[in-house]
Each structure stands twice: as structure tokens, then as C-alpha cells.
Amino acid sequence: MVQAFKVRGGHRLQGVVTVSGAKNSALKLMAVSLLAVGETTITHAPDIDDLDVMSELLVRLGCSVARDRNLGLVRIDVPQSLDHRAEYDLVRQIRASTALMGPLIARTGAVDIALPGGDAIGSRGVDMHMDALEALGASFTTEHGYLHATAANGLQGADIVFDFPSVGATENAVLAAVLAKGRTTITNAAREPEIADICEMLVAMGAHIDGIGTSSLTIDGVEQLSPVVHATVPDRIVAGTWAAAAVITAGDIFIENARSEHMALVLNKLEAMGAVVDRDAVSPNSAPAVRVRMDGRPSAVDVVTLPYPGFPTDLQPMMIALNAIASGAGMVTENLYESRFRFVHELARLGADVRTDGHHALVRGVESLSGAPVEATDIRAGAGLVLAGLVAEGETTVFGAHHVDRGYADFAENLRRLGADVQRADG
Ligand code: EPU
């Protein structure tokens with residue numbers, strides 16, 4: 001089935017939008033639930049299909065999972081005895097399935113998981129995940145596309161030093177260390193708000209973690225953890241996408257449930273482009289909100305993507321789209337993914353002037369873009385192309401809408417509510 005967004009550009013976006021919980025947290029919180037026998041409830045879960053894939057992974061491990069998509073609830077009943085295999089048909093669909101490794105080794109002493117492979121944005125290895133789990137006592141072999149790990153003598157605390165603050169590897173190290181014997185230290189840990197969210201849930205479950213939100217974590221292993229009810233942290237990437245949509249359309253959007261402290265650099269960059277940002281606004285619904293307003297054409301800015309608190313790679317395509325219609329030129333440097341500039345060639349189909357050289361993209365702003373069919377290659381590229389379509393003359397068809405659905409619940413509906421002319425064309 002061909003799934004596309006049909007966008008007619010030229011409308012100023014105005015109004016209120018509410019951000020749900022973060023995809024990249026909710027999926028991992030589901031993996032966290034494996035660490036405690038009994039019923040865990042995750043609230044504020046986003047209404048996206050990836051959570052069904054994670055649910056199915058948990059069901060195959062022996063859990064019962066009930067999900068209410070409208071209420072944003074996921075209830076996971078975890079049995080005493082778990083299976084430890086995660087199959088390729090599911091793992092290939094979501095990178096977040098790698099977060100099952102730590103909990104499964106900790107709970108069952110073993111894991112068999114399909115190697116996730118690469119994807120449209122890069123090669124995405126798991127070497128750092130394996131190194132961290134090996135330091136804690138796991139041994140790995142690889143066979144027929146699967147990683148097999150066992151921890152014959154159980155897990156022991158260790159000192160883990162990452163060369164690079166990998167989000168997934170930090171998560172796996174934490175998820176295994178909370179039930180390991182003794183103390184684990186993690187140096188150069190990733191400190192994304194989604195990792196702090198996982199750690200806060202673990203602490204509520206009875207784990208001992210110091211340094212949450214910093215790059216040095218100290219974990220004292222405990223015998224067992226108890227299930228909890230936990231609210232997913234708001235999605236800073238979705239919030240940032242709405243903020244960029246306000247700027248690109250010279251609009252005025254109240255973003256409810258956005259945590260401005262998780263978006264500091266993003267909001268600063270948008271201000272540098274000319275936006276007026278109110279971090280403590282109150283929406284017309286009387287709810288706290290981040291308000292982003294723009295008059296006229298943005299000024300181009302330079303952007304360098306880096307691990308948190310640096311500028312998030314997941315908002316890089318939106319910044320290229322913004323620079324594409326800005327006055328002046330901006331240099332965008334991508335440090336996380338080698339293939340994330342693939343979408344630039346699609347943006348060029350709309351008339352953008354972007355030159356890439358290695359991990360740099362020089363974007364020279366043009367007066368206007370002109371609508372054309374384009375192809376989304378991943379979630380964020382798709383969102384960036386839709387944003388470009390909002391200001392392109394005529395109609396832009398963004399194929400590969402299913403990628404966008406993975407990160408943005410009801411994207412077209414939300415855009416329409418803000419005044420955009422966007423339709424889904426599935427057929
Ligand atoms: N890397 C390795 N080896 C490893 C681990 C990572 O080479 O063992 C490399 C990756 O190939 C990549 C870089 O390090 O080039 C960053 O990887 P990291 O582990 O930090 O990221 P991730 O856990 O794979 C999560 C998000 C991504 C987000 C990144 C960076 C999930 C499911 N995914 O990925 O989100 O871009 O952190 O913030 O949490 C998205 O939502 O669209 C998305 C891609």
C-alpha cells in the first residue's frame with residue numbers, strides 16, 4: 001500500500017497542540033517492566049504502532065500486555081519465568097528492541113536476539129551494548145544472524161567507560177546493572193531525558209541509581225524490583241517538530257506538555273532564527289505550554305548535532321528545511337548518523353539549495369520552494385519534508401508516510417487542526 005501525505009503549502013499554522021509521551025522512552029519503559037514480576041502500568045504512552053511491536057515482543061517472552069491507545073496506557077503483566085528470545089521479524093522493525101538485552105540477561109541469565117542490522121540513517125552497531133554487558137559478566141556468540149548471550153555466573157557490578165555516550169548502550173548497561181551484584185559505575189553515559197526517565201522508573205521500582213541526568217552513573221545492584229505505575233516523559237523531538245512548524249510557516253503555536261528544559265538548545269536556535277519563544281506560556285486551554293511565534297522569514301543558522309544536551313540529530317532534518325527557506329546560509333553538521341543527509345536529495349526536488357560534503361550540509365536559503373513528489377526515508381526525514389511542503393508553492397506529496405507515523409501520532413490531523421492543508425492519501 002502506498003501511504004503519502006499530500007500537503008498544499010502556504011498556510012500559517014496557529015493554535016494549540018499537545019505532545020504525548022516520548023516514543024524513545026515508552027518503548028524502553030516497556031523493556032524495563034521485565035525487571036519486576038507483576039503488573040507494570042505505563043501512562044502517557046504515544047499512540048504509535050511501534051508500541052504494538054514491543055508488546056508482541058513481550059508477549060512472546062511470556063508477558064500479558066493490554067494497551068489502550070486512546071488513554072495512552074500500557075499494562076504489562078510479567079511472569080516469574082520468562083523466555084529469552086527476540087525474533088528477527090519483530091526486532092528488524094524497531095531498534096528499541098535491543099533494550100530487551102539488559103533486562104533479559106539480568107532476569108533469565110541469557111538472551112537470544114536477532115541482530116538489528118542497519119537502517120536508512122546509518123549502520124547502527126551494537127558493539128558498545130555488548131562490551132558493557134560483557135563487563136557485567138555476559139558472554140556473547142553470534143550465529144545465523146542472532147546474538148546469544150549467557151551469564152553463567154550471574155551479573156557482577158563493573159566499571160564501564162564508554163568511548164561515546166550511546167543512548168542504547170547506556171540503557172542496556174543500566175538495565176542489567178540494577179540487578180547485578182555490587183556496584184557499577186558508568187562513565188561517559190548518555191544523559192538524554194529518556195534515559196533519566198528510565199532511571200527514575202527504576203528508582204521507583206526499588207533500584208539504587210546515583211547521578212541520574214548526568215554522564216556518571218553509579219548503580220548499586222538490588223536483589224529484586226517491584227512493578228510500578230510510571231508516566232512517560234514528554235516527547236522533546238515531537239515538541240521540537242511543532243516548534244519548527246511554527247517558525248517555518250511564520251505561525252504561532254502553543255505546545256502543551258512540552259518540557260522547555262529538555263529543548264534548551266533547540267529553542268535557542270529557533271530564537272536565533274528570529275522566533276519569539278515563551279517557555280512559560282499558558283495556552284488558550286489554560287494549560288502550561290511553550291509558545292513559539294514567528295513573523296516573516298527566518299534567518300539561517302549553523303547547527304551541529306551532538307549527544308544530549310547538544311542539538312538532537314532527530315531534529316536535524318527540520319533545521320535543514322528551515323534553513324532552506326531562510327535568508328542567508330547555514331552549515332548543518334551531522335555527527336551521529338552517516339546516512340542522515342539522504343533526505344537532502346529529496347528536499348532538492350522542492351528547490352532547496354543544499355550541498356553536502358561528508359557530515360556537513362551547506363544550506364543556502366531560497367525565496368520559495370515549489371511542491372513536488374518526494375520520498376520519506378525515515379521518521380524524521382519524513383517530518384522534515386512535510387514541514388518543507390507546508391511552505392512550498394502548490395502540492396507536495398510525501399511518500400513513505402508510514403515512517404512518519406512511527407514517530408508522530410495523528411500528524412496530519414494535528415497539522416489540519418493548526419490550519420494546514422494536509423491529507424493522507426493511502427491506497
Ligand atoms: N553506535 C555504535 N555502536 C553501538 C551503539 C551505537 O556504533 O553499540 C552508533 C550508532 O550506529 C549511531 C550512534 O552510535 O551512529 C548513536 O547511537 P545511539 O546508541 O546513541 O542511539 P540509539 O540508541 O541507536 C536512539 C534513538 C534514536 C536517536 C539516537 C540519538 C531509540 C530507539 N532511538 O538511538 O532515535 O537518534 O538515540 O539520540 O531510542 C528516532 O527516533 O528517529 C531515532 C533514530
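Two strands are taken to pair if DSSP finds at least two bridges between them. By that rule, β18 pairs with strand β19 (residues 329-333), since two bridges join them and the strands run parallel. The model is predicted, and its domain assignment gives domain 1 (3-19 + 234-426) and domain 2 (23-231).

**Sheet and helix**

- Four strands make up an open sheet with mixed pairing, in the order β18-β19-β21-β20.
- At the edges lie β18 (303-304) and β20 (353-357), each of which pairs on one side only.
- Helix α10 (residues 316-324) packs on this sheet and touches β18, β19, β20 and β21 (360-364).
- The direction of α10 makes about 30 degrees with that of β21.
- Within the pairing of β18 and β19, V303 stands opposite V332 in β19.

**Domain interface**

- The centres of domain 1 and domain 2, taken over C-alpha atoms, are separated by 30 Å.
- Contact between the two involves 22 residues of domain 1 and 18 residues of domain 2.
- Together the domains bury about 1,700 Å², with 52% of this area on carbon and sulfur atoms.
- On the domain 1 side, Y308, Y337 and R406 lose the most area to domain 2, together 32% of what that side buries.

- Two salt bridges are found across the interface of domain 1 and domain 2.
- R406 forms a salt bridge with D50, and their closest N and O atoms are 2.9 Å apart.
- Four residue pairs are in polar contact between domain 1 and domain 2, with both residues at pLDDT 80 or more.

Technical notes. Residues numbered from 1 in each chain as written. Predicted model: local features only at pLDDT ≥ 70, side-chain atom pairs only at ≥ 80, totals over all residues. Heavy atoms only, no water. Contact = heavy atoms within 4.5 Å. Axes fitted to C-alpha atoms, helices over the stretch in contact; angles between N-to-C directions. Domains from an automatic or database assignment. Buried area = accessible area lost by both parts, 1.4 Å probe. Salt bridge = Lys/Arg side-chain N within 4 Å of Asp/Glu carboxyl O. Polar contact = N/O pair within 3.5 Å; in protein donor to acceptor, adjacent residues only side chain to side chain.
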